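Good morning, and thank you for joining this meeting.

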Amino acid sequence: PPESATYSTVPCDAHNCYHQVPGILCRAPHCGFKLYYGDGTTVSGFLGSEKITFETSDEGITSVPRLVFGCATDVVNVMGVLGGQISGLLGLGAEMTSLVSQLGFKFSYCIGSIWDPQYIHNQLIFGEGAKTEGSTTSLEIIGSFYHIRLDSISVGEKMLDISPQVFELT
């Protein structure tokens, strides 16, 4: 943060602090957070605002003047799943301060070979440019979570004999 001319911390009395952020804590004078993930990881820190610049698909650039993000000061990974290789978490949740919501609620991604950074089909696209080709999976938002409707399961060409009611969200 000290190296940026456009960075600022989000104060506790800011609208996007108390009204829109899950796990919020007021660490006067800054808006803080503490989040718990399903693998046992706990992340805490404070909210910041920054001008973020992205490369566009047509090799141009676009900027978001005041993107709100969590600046983690403490990460505890109980399960060790991330293997100590954390450089950040990109939240694609449906909360009002998620990256997706701040960039227009549209995103698409395709992950082929996650371990190969040169694999050309690994893409994450935000905003109006989030177009898809081929088969897609629709997401339903319930609360701040995305859900995928599951109708059936097949192994190879064989459809498993499972009642569709098993897959209903309750």
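A patch is made of residues with over 30% relative accessible area and no salt bridge, and nonpolar side chains are joined to it within 5 Å. Please bear in mind that the model before you is predicted.

With that definition, which residues form a nonpolar patch on the surface? They are L150, I153, V155, L160, I162 and V166, and their accessible area together is about 480 Å². Let us take one of them, V155, which belongs to strand β10, residues 154-155. Its relative accessible area is 57%. Exposed means over 50%, so V155 counts as exposed.

I turn now to the protein as a whole. The protein contains 2 helices and 11 strands. Along the sequence, their order is β-α-β-β-β-β-α-β-β-β-β-β-β. The accessible surface amounts to about 12,600 Å², and carbon and sulfur atoms hold 55% of that surface. Of the 170 residues, 21% are buried. Among contacts with a separation of 6 or more, 37% join residues 24 or more positions apart.

Is T42 buried or exposed? Its relative accessibility is 17%. Since the limit for buried is under 20%, T42 counts as buried. Which residues does T42 touch, leaving aside those up to four places away in sequence? The residues in question are K34, L35 and Y36, together with D74, V75 and V76.

Thank you for your attention.

How values were computed: Residues are numbered from 1 along each chain as its sequence is written. This is a predicted model: local features need pLDDT of at least 70, side-chain atom pairs count only at pLDDT 80 or more; totals for chains, interfaces and linings use all residues. Side-chain values use heavy atoms; hydrogens and water are left out. Patches are made of residues with over 30% relative accessible area and no salt bridge: like charges are joined within 9 Å, nonpolar side chains (Val, Leu, Ile, Met, Phe, Trp, Tyr) within 5 Å. Accessible areas come from the Shrake-Rupley method with a 1.4 Å probe; for residues, only the protein chains shown count as cover. A salt bridge is a side-chain nitrogen of Lys or Arg within 4 Å of a carboxyl oxygen of Asp or Glu. Helices (H or I, at least four residues) and strands (E, at least two) are DSSP runs, numbered from the N terminus. Buried means under 20% relative accessible area, exposed over 50%, partly exposed in between (1.4 Å probe, protein chains only). Contact means heavy atoms within 4.5 Å.
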